[in-house]
Amino acid sequence: MCESSEDQDLTGRCFCGQVTWKAKPPVLWAAICHCEDCRRAASSDYVSWFGVKRSNIVWNGKRTFYASSEGVTRSFCPTCGAPLSFETDIFPKETHLYAVTLDDLSRYEPTAHIFWYERVPWVQVSDALPKHPKGLQNAAKKGKTLIERATEG
């Protein structure tokens, strides 16, 4: 995330604007996910995510929730269908937000690719970010940290 705006609240919205959110820093992590679940949930080649403390986010408007797998809940706007968030029992104090919902996309800077081996064959990436074969949940289940995370204290 941009250093000049690190202390400013993050804001975002769905496609139609019926659902908005505001989150206080810090951003805990930022990564690009290539897993099949995220791709299908977003109907996209990959998904750019970042995590914030669940207690630091305020939602306005009604969201629809979908339990996409055991211990995982995703939210969407019921009006336009835009995906908004991902929450998992493995990280109970975090909400993971779709970076493209940000009002200011310059606030997003990914630090890694996750589920790299699940990427679609036509995606060609020229960045130098680390490319991890699995994701954050898999690492956490093994007691490991996959990518650098901001202090949650």
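Tutor: Let's start with strand pairing: two strands count as paired if DSSP finds at least two bridges between them. Keep in mind that this model is predicted.

Student: What makes S3 and S4 a pair, then?

Tutor: Six bridges join S3 to S4, and the rule asks for at least two, so the two strands pair. They run antiparallel.

Student: Which residue of S4 is the bridge partner of Ala30?

Tutor: That is Phe50.

Student: Where do these strands sit in the sheet?

Tutor: The order is S6-S7-S8-S9-S4-S3-S10, an open sheet of seven strands with mixed pairing.

Student: What makes strand S6 (64-69) and strand S10 (113-114) edge strands?

Tutor: Each has a single partner strand, so one side of each is left without a neighbour in the sheet.

Student: On to side chains. Why is the contact between Asp9 and Lys24 called a salt bridge?

Tutor: Their closest N and O atoms are 3.7 Å apart. The cut-off is within 4 Å, so the pair qualifies. Asp9 lies in the segment before strand S1 (10-13), and Lys24 is in the loop between strand S2 (20-23) and strand S3 (27-33), so the bridge ties together parts that are 15 residues apart in sequence.

Student: Why are Asp9 and Lys24 both called partly exposed?

Tutor: Asp9 has 27% relative accessibility and Lys24 has 47%. The class runs between 20% and 50%, so both belong in it.

Student: How do you know that Arg40 and Glu36 are about one helical turn apart?

Tutor: They are four residues apart in helix H1 (residues 36-42), which means a separation of about one helical turn.

Student: Is Arg40 buried or exposed?

Tutor: Exposed: its relative accessible area is 62%, and the class begins over 50%. Glu36, at 36%, is partly exposed.

Student: What makes the bridge between Arg54 and Glu87 a link between distant parts of the chain?

Tutor: The side chains of these two meet at 3.4 Å, N to O. Arg54 is in the loop between strand S4 (47-53) and strand S5 (57-60), while Glu87 is in strand S8 (residues 83-88), 33 residues apart.

Student: Why is Glu87 called buried?

Tutor: Buried means under 20%, and Glu87 has 18% relative accessibility, so it counts as buried. Arg54, at 28%, is partly exposed.

Student: How many salt bridges are there by this rule?

Tutor: The count comes to five.

Definitions and conventions: Residues are numbered from 1 along each chain as its sequence is written. This is a predicted model: local features need pLDDT of at least 70, side-chain atom pairs count only at pLDDT 80 or more; totals for chains, interfaces and linings use all residues. Side-chain values use heavy atoms; hydrogens and water are left out. Buried means under 20% relative accessible area, exposed over 50%, partly exposed in between (1.4 Å probe, protein chains only).
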